[in-house]
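Subject: Handing over a structure

Hello,

Here is the structure for you to take over. My notes follow below it.

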Amino acid sequence: MLDHATTTRAEAIARLNDRCRQGYDRTARIVVTRTCLATFSNESIASQAIAQAMLLQNLRGYAFPPDVPERDRGDFVMDGTRVYFRIDYYDPDLAHGSEDPTDASVTRRVLTMMLREDL
């Protein structure tokens, strides 16, 4: 729940989104589209694991511009290809949108990394 005395809604969501992006939210999911993974790897499991590790490294090191106060979307360039990411908010069953993204007990975050053709 949002504590209005000390935190704005955007700040609360940004903090929870940072936890998701950094891998600290155990209920969050990080998804890489097939197109995105195929761009940075071949069909071998080792190549895919390395590509995923590189994507996560870029994601976790991303510096948000000030015009994205909730820190829920962004893009970075990896090996000359622009990768986009977006965090969506769902209910605990991942069936519907979350009623309150500021409340981690009722929200599951799904971060998707994709390429322009996936948009």
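Before the rest, two notes on the basis. This is a predicted model, in which local features need pLDDT of at least 70 and side-chain atom pairs count only at pLDDT 80 or more, while totals for chains, interfaces and linings use all residues. Residues are numbered from 1 along each chain as its sequence is written, and side-chain values use heavy atoms, with hydrogens and water left out.

The sheet

Helices (H or I, at least four residues) and strands (E, at least two) are DSSP runs, numbered from the N terminus. Strands pair if DSSP finds at least two bridges between them. Strand E3 (residues 81-90) and strand E4 (residues 108-114) pair in the antiparallel sense, over 7 bridges. They belong to an open sheet of 4 strands, in the order E1-E4-E3-E2, with mixed pairing. Strands E1 (29-32) and E2 (73-78) stand at the edges with a single partner strand each, so one side of each has no neighbour in the sheet. Neighbouring strands are turned by 20 degrees against each other on average, direction ignored.

The helices on it

Contact means heavy atoms within 4.5 Å. Axes are lines fitted to C-alpha atoms, for helices over the stretch in contact; angles run from 0 to 180 degrees between N-to-C directions. Helix H1 (residues 9-22) packs on the sheet and touches E1, E3 and E4. The direction of H1 makes about 60 degrees with that of E4. Helix H3 (residues 45-60) lies across E1, E2, E3 and E4, and runs at about 125 degrees to E2.

The aromatic rings

Rings of Phe, Tyr and Trp (its six-membered ring) pair if their centres lie within 6.5 Å; planes under 30 degrees apart count as stacked, over 60 as edge-to-face and the rest as tilted. The whole structure has 4 aromatic pairs. Tyr62 and Phe64 have ring centres 4.7 Å apart and planes at 85 degrees, so this pair is edge-to-face. Tyr62 and Phe85 also form an edge-to-face pair, at 5.2 Å centre to centre and 85 degrees between the planes. Tyr62 lies in the loop between H3 and E2, and Phe85 in strand E3, so the pair ties together parts 23 residues apart in sequence. Ring pairs link Tyr62, Phe64, Phe76 and Phe85 into a cluster.

Buried means under 20% relative accessible area, exposed over 50%, partly exposed in between (1.4 Å probe, protein chains only). Tyr62 counts as buried at 16% relative accessibility, and Phe85 at 2%.

The core

A nonpolar core is a set of buried Ala, Val, Leu, Ile, Met, Phe, Trp, Tyr and Cys residues joined through side-chain atoms within 4.5 Å. The largest one has 21 residues. Those with the most contacts inside it are Phe40, Leu55, Phe76, Val83, Phe85, Leu111 and Met113. H1, helix H2 (34-40), H3, E2, E3 and E4 each supply at least two of its residues. The largest share, 4 residues, comes from E3. Leaving aside neighbours within four places in sequence, Phe76 is in contact with residues including Leu55, Tyr62, Val83, Phe85 and Met113.

The cysteines

How many disulfides does the structure hold? It holds 0 (a disulfide is a pair of cysteine sulfur atoms within 2.5 Å). The sulfur of Cys20 is 16 Å from the closest cysteine sulfur, in Cys36, too far for a bond. Cys20 is buried at 2% relative accessibility, and Cys36 is buried at 0% relative accessible area.

Best wishes
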